[in-house]
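User: I would like to go through this structure by question and answer. Please begin with the terms you need.

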Amino acid sequence: MDKIIVHGGAALNGSVRISGSKNSALPILAATLLTKEPCVISRVPDLSDIHYMLTILSELGCEVERASGIVTVKAEKVLTEAPYDIVRKMRASVCILGPLLGREKEATVSLPGGCVIGDRPIDLHLRGFEALGAAVRVQGGNVKVLAPELKGATINLRGKFGSTVLGTDNVMMAAVLAEGTTVIDGAAEEPEVEDLANFLIKMGARIEGAGTRRIIIEGVKELHGAEHEVIPDRIEAGTFLVAAAIAGKEVTLKRVDPAHLQAVIEPLAHAGYEISNGKDYVTLKANGSHKSLTLETLPYPGFPTDMQAQMCALLAMTNGVSAITENVFPQRFMHVAELKRMGANIELQGATAVITGVDRLSGAPVMASDLRASAALVLAGLKADGMTEINRVYHIDRGYESIDDKLNGLGAQIERVKI
Ligand code: UD1
């Protein structure tokens, strides 16, 4: 198991290329199950979550080839039951349910594991499948969905914490091969949902409204192979923007979509960072002094829950009192105890972190608890005095392609140690 050691104090300067989006690539790879023909997906990031998904596809019987970010999948024949050993490692494996149900009218996966950020139920996914005519059974830790035929329906996927991203993906992937029209109300508006829909449309699906709250799908009889390039990872990009705010002089993110980053750019600009952008790049200059912020996480286009931990790290070192309320996963504060071990002054009041900025954090041995929490600890270490040692680095490798190499390319001093 690797650990990462961050030597604090080095300034970041220069440019970094952002990878393809993990959260787009995962459902898009699952969607290749919908056709017997080959699909070619490019800009697939090299991450352990992607590796799990490709292993699941292979175990289901697909031919999978991968070469430098390009993945080819041919799902000529597929099994309908995914192996527990791999599925349990990644919650997003649940998104094979929709395409298998659409194609084979049957699918079984074990109930998801993955990130430790609250209960993370899949009731809304299952509600959607039931509306399309599927029966749902939970037995022996598995969930099985089964339908003699799928019929289009009107479905509302809004839950008490907003809509569901993978739930919207799942229902959309089942509905593309259902008979008739499906209307998904309360759909997730995330760019990753739109990216999946664009891929499905290239495969022959008929979908309108992806990226808005109402998606309308006209079922078709079958889909064909297609090629698709995954969109840039807005969370990796946001993480590097915050890294630049914490420790940067002037940092440019290349190959990004600035429109997808507005919810992160706006508060940083409000805090006093100088941010400019072109069609596919964003530059942050960390001039002058910076203000505290009051933020709340919300579904897209709001401030993303996947950026909350990293922003906590920045605000822990920003003068004044800041507050971040977590509305999407109210228990997602595992990083707070670790940041406090580094000297941060953060008080949790229900689902709100009240952060009183301190001048300096000090390096300490800390434990990564989930993907974004680990990123926050790396970012905090960039400016902390001395050495920050982050254990359980496998969490970070689930979602960041060579974060240590990329930050070192900007001037950070990070070592990866094999233990
Ligand atoms: C996706 C992202 C994850 C991100 C999250 C919210 C992927 C692979 N992961 O996760 O990085 O943090 O969106 O932006 O794309 N909920 C229910 N019932 C359900 C499903 C969800 O109550 O059936 C709740 C969740 O517990 C949570 C909220 O809805 O409180 C949003 O979750 P959801 O959008 O489903 O997250 P994921 O799609 O799993």
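Analyst: A residue is near a molecule if one of its heavy atoms lies within 4 Å of it. This is a predicted model, in which local features need pLDDT of at least 70, side-chain atom pairs count only at pLDDT 80 or more, and totals for chains, interfaces and linings use all residues. Residues are numbered from 1 along each chain as its sequence is written, and side-chain values use heavy atoms, with hydrogens and water left out.

User: How many residues surround the ligand?

Analyst: Asp123, Leu124, Thr164, Asp306 and Val328 are the closest. By class, the shell holds nine nonpolar, five polar and five charged residues. Here Ala, Val, Leu, Ile, Met, Phe, Trp, Tyr, Cys and Pro count as nonpolar, Asp, Glu, Lys and Arg as charged, and the others, Gly among them, as polar. The number of residues around the ligand is 19.

User: What share of the ligand's exposed area does the protein bury?

Analyst: Accessible areas come from the Shrake-Rupley method with a 1.4 Å probe; for residues, only the protein chains shown count as cover. Taken alone, the ligand exposes 740 Å². The buried share is 91%.

User: Which helix gives the most residues to the shell around the ligand?

Analyst: Helices (H or I, at least four residues) and strands (E, at least two) are DSSP runs, numbered from the N terminus. Two or more residues each come from helix 5 (123–131) and helix 6 (165–175). With three residues, the one that gives the most is helix 5.

User: Is helix 8 roughly parallel or roughly antiparallel to helix 10?

Analyst: Axes are lines fitted to C-alpha atoms, for helices over the stretch in contact, and angles run from 0 to 180 degrees between N-to-C directions. Angles under 35 degrees count as roughly parallel, over 145 as roughly antiparallel, 65 to 115 as roughly perpendicular and the rest as oblique. Helix 8 (residues 234–247) and helix 10 (residues 308–316) pack at about 5°, with axes 10 Å apart. Helix 8 is therefore, relative to helix 10, roughly parallel.
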